Amino acid sequence: MKIPKRIASAVINSLKGGVVPRIGLPYITVGRETEIDALLHDVDIIQDGGASFRFIVGRYGSGKSFLLQTIRSHVMDRNFVVADADLSPERRLQGSKGQGLATYKELIRNMSTKTRPDGGALTLILDRWISSVQSETAAESGLSPDSAEFEKTVEKKIYDVISSLNELVHGFDFARLLTLYYRSYISGDEENKAKAVKWFRGEYSTKSEAKQELGINIIISDDDWYEYIKLFAMFLKKAGYNGLIILIDELVNIYKVPNSITRQYNYEKILTMYNDTLQGKAKYIGIIMGGTPQCIEDTRRGVYSYEALRSRLAEGRFGREGVRDMLAPVIRLIPLTYEEMLVLTEKLADIHAQLFGYEQVITQDDMIKFIQLEFGRIGSDSHITPREVIRDFIELLDIVYQNPSINISEFIASDEMAHAESTDESDVDEEFAEFEL
């Protein structure tokens, strides 16, 4: 497995810091095939004009963010636009001080495509749309791009797309801004283009400011930002993409809001999104939200405290441990198996060796002993997460690389490493018996 050093460095440094890398995920993806297949089935529905809404639920460090980023990579390869945002005290779905609009701004700022995977793709998308219409017109009509007839034909195609949005909520205003952007693009007026983009990004704070600069008396606000997300999804489809995927992580920040009324308003916004996607009011859009079990299932402060959501999302009578319904709106992450963790450590050891240019010396037997140690700790069956195991393993690789004289097996089994071992490792040893070399 050859991996460019730039990507290897991003993977190793991100994982050691406890965060999910934005690039290189295919090199380290292990397990989660069932979850990925379920979410990609949703993507097929979205591409055909449907919509979907899912919750990814798991403890801190269990792989929620990793799964979200993996899906992000998959759908960009399928010609989708992805917009992602982490909620925070300043970013919610609804708020009295612009917290909802702040989430919208973050989503638009992080709008990404396959050719612009790191965000900031809005201008690229708008320019690509106009350019593609021009190319189609030239190919279909055979007219010279310099002719007046060519320009009229392009304008007709542009306005066909724009007028189709007029029927949607706020579609008329959205269409006016697209028209303004198109005219500025054709005339080479970069200043007006920038003003239109500023409006799409939700950066006008008052209607009077928008009126002065753009001649329109409307701005995107805390109350209606989600309507514009739906408009973007429709526009993106008409602009040549397959749809829009929205990824929202850290739902726990709504759970932490002390004011119960504010929490309920946020859960009401989630209910609106959920109903829109399942009832067919939204098209070409998929929404995936990530949170901890507590922030979803707590009936006092969590999502389930909002009865309309709890009744829609709670498991039915046939749900039980070991039998999962992957078509349900809530996907609960189960821990990676010992075998999957072994495969992951093998991948990380290979990437680490390539990054620092040394011959890999850690053996599979060493990796098995390492995993036995990690999962042999008291309480590891319910508390240890992939994040902790990965961080410890990369630390081990760093130490071994910097101290080549170390006997790895002895070091792993030493008092310094073994102090956290459980006094009873029989269960773990039994699980790993088939791996003993």
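Leu39, Asp42, Val43, Ile46, Ser52, Ile71, Ile245, Gly286 and Ile288 line the largest cavity of the structure, where lining residues are those with an atom within 4 Å of a cavity point, and a cavity is a set of points on a 1 Å grid over the protein atoms alone where a 1.4 Å probe fits but cannot get out. This is a predicted model, in which local features need pLDDT of at least 70 and side-chain atom pairs count only at pLDDT 80 or more, while totals for chains, interfaces and linings use all residues. Residues are numbered from 1 along each chain as its sequence is written, and side-chain values use heavy atoms, with hydrogens and water left out.

The largest cavity holds about 50 Å³ of space, and the structure has four cavities of 30 Å³ or more, a volume being the space filled by probe spheres set on the grid points, which are joined across faces, edges and corners. Two or more lining residues come from each of α2 (33–47) and β4 (285–291), and α2 gives the most, with four; helices (H or I, at least four residues) and strands (E, at least two) are DSSP runs numbered from the N terminus. By class, the lining has six nonpolar, two polar and one charged residues, with Ala, Val, Leu, Ile, Met, Phe, Trp, Tyr, Cys and Pro counted as nonpolar, Asp, Glu, Lys and Arg as charged, and the others, Gly among them, as polar.

Turning to helix packing, α16 (residues 364–375) and α18 (residues 386–402) pack at about 135° with their axes 11 Å apart.

How values were computed:
1 Å grid on protein atoms, 1.4 Å probe; cavity = no way out; pocket = protein on both sides within 12 Å on 5 of 7 lines; lining within 4 Å. Axes fitted to C-alpha atoms, helices over the stretch in contact; angles between N-to-C directions.
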